[in-house]
Amino acid sequence: MESAAPARHQPPQPDVVAIGGRRQGQRIMVDWTGPGGDALTWKGFGEGHLAELTELAEACLATDGGLPLFARPPLLRARLLQARTLGAWHDGGLVAAVGVGTAGWPATSTGLVHPAWRERGLGGRLLSWAAEQAGDTDLLVTTESWSPGADALYTAHGFERTFAEWVLRHDLTALPEVARPDDVHTEPVTWEVGPELFETYHASFADRPGFGAPSAEDWLAELREDDEYRPDLSMIARGPDGTAVGFLNVIDNWIDQVGVVPGWRHRRVGAYLVASALQSLAGDGARAAWLCVNDNNPAAALYRRLGFRDAGRRARYLRRRP
């Protein structure tokens, strides 16, 4: 998923920026005074700065909303601890950061600016640096805590939004009640019905725009390898003849996927699956449930009717090289 710059292009190392600086050993530390007179030091970051990255991500999520998993080490590492990194530091604190992956096509990047340090040009500086690291490749930027300001920044720099989805949260102190559809029953997922689970997933999503079907082996392997997958709370819905007509997967306290085959839509199957999962999560001790839904997915209206509330957005933006 990451991308490599062509061999003829040798971009600068992650702690080198073209704004003048002083050399300390093998690292260039760059001092820059922002419009407000605050002195910043620009340098790379790594695994040893995970606490600072977590604090920065939490500050952005608190202001912008977005994917709460972004503040956990696995996703922080994947998004920010990429091949090349650059951070802006003030009085020992990390106030802005960007990571760039250059091992595939397109190059990938994620950046953050602390809410207290916005509107000072830091976002534009990080984005320009990321583009320099990408070299001659396209650049795909992911934001897990979308904001209107970020959208304006990416658009001004020639990026096009290619993906966006809502992050929704449900307070499990208030649970919806949905009557079981006639002639439908549900059962927990077991690995013995894994192939049938995949076929139900495929039938439920095949008509979605842009759907790219993984292989059954890859899809099921991803579930098996996820330590937080809950087959006991996940479900298959069956019609009167026992044929699978819908499914729902739970990972930790997330409704990860829910789908209904075309012939059984608009018969409360999806609503019943979601309401049942919320009941099960609450009974298991969860205080909230989460899910993500694409901007153009009509199911978003259903989730909101069932009590989910907007908790932010996440998005991807692409800039193609001429």
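A nonpolar core here is a set of buried Ala, Val, Leu, Ile, Met, Phe, Trp, Tyr and Cys residues joined through side-chain atoms within 4.5 Å, where buried means under 20% relative accessible area, exposed over 50% and partly exposed in between (1.4 Å probe, protein chains only). The model is predicted, with local features needing pLDDT of at least 70 and side-chain atom pairs pLDDT 80 or more, while totals for chains, interfaces and linings use all residues. Residues are numbered from 1 along each chain as its sequence is written, and side-chain values use heavy atoms, without hydrogens and water.

The largest nonpolar core has 30 residues, and those touching the most other members are L248, I255, V269, V274, Y303 and F308. Elements that each supply at least two residues to this core include β11 (244-251), β12 (254-260) and α7 (269-283); helices (H or I, at least four residues) and strands (E, at least two) are DSSP runs numbered from the N terminus. The top contributor is α7, with seven residues. A second, separate core holds 27 residues, among them W42, V98, V113 and L127.

Now look at E165, in strand β8 (residues 160-171). E165 counts as buried because its relative accessibility is 10%. Its side chain makes a polar contact of 2.5 Å with that of R314; such a contact is a pair of N or O atoms within 3.5 Å, and within protein one must be able to donate a hydrogen and the other to accept it, with residues adjacent in sequence counting only if both atoms are side-chain atoms.

Finally, G158 lies in the loop between α4 (148-156) and β8. G158 and R319 are 161 residues apart in sequence, yet 6.2 Å apart in space, C-alpha to C-alpha.
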